[in-house]
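Trainee: I am new to this structure and would like a close look at its aromatic rings. Please take me through them in one go.

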Amino acid sequence: MAIVAVFQSPTLTQASYEESVRLLSGGRSRMDKLADWPVKGLLVHVAGQGPNGFRVVDVWESEEAFQRFGEVLMPIMKAIGIDGEPEVYPAHAVVSA
């Protein structure tokens, strides 16, 4: 079952997001294709600045895929000072192009 992960924290900024991308991707400034991600299973990734701060929304094909990504991401987040936990819940529907 697909899951949705939403992350927003006072310590997540566009600059810290961009640093996490550089560390996840081996130095690239963007991860534009699903093949760019360090683990398989990502269906949708959206990141942007909203009125209440920078937010990341991911849809993963399963909780297991999301947890594999967390094993890679969490040490990076800790190293660059991003705190907090995502809100994670089962997707009721997923529609993509």
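Mentor: Trp60 counts as buried at 0% relative accessibility, where buried means under 20% relative accessible area, exposed over 50% and partly exposed in between, with a 1.4 Å probe and protein chains only. This is a predicted model, in which local features need pLDDT of at least 70, side-chain atom pairs count only at pLDDT 80 or more, and totals for chains, interfaces and linings use all residues. Residues are numbered from 1 along each chain as its sequence is written, and side-chain values use heavy atoms, leaving out hydrogens and water.

Phe66 is buried too, with a relative accessible area of 16%. The ring centres of Trp60 and Phe66 are 6.4 Å apart and their planes stand at 55°, so this pair is tilted. Rings of Phe, Tyr and Trp (its six-membered ring) pair if their centres lie within 6.5 Å; planes under 30 degrees apart are stacked, over 60 edge-to-face, and the rest tilted.

The whole structure holds 4 aromatic pairs. One of them joins Trp37 and Phe69 edge-to-face, at 5.5 Å centre to centre with 65° between the planes. Trp37 sits in the loop between helix H1 (14-25) and strand S2 (42-50), while Phe69 belongs to helix H2 (residues 63-80), so the pair ties together parts 32 residues apart in sequence. Helices (H or I, at least four residues) and strands (E, at least two) are DSSP runs, numbered from the N terminus. Trp37 is buried, with a relative accessible area of 9%, and Phe69 is buried at 4%. Ring pairs link Trp37, Trp60, Phe66 and Phe69 into a cluster.
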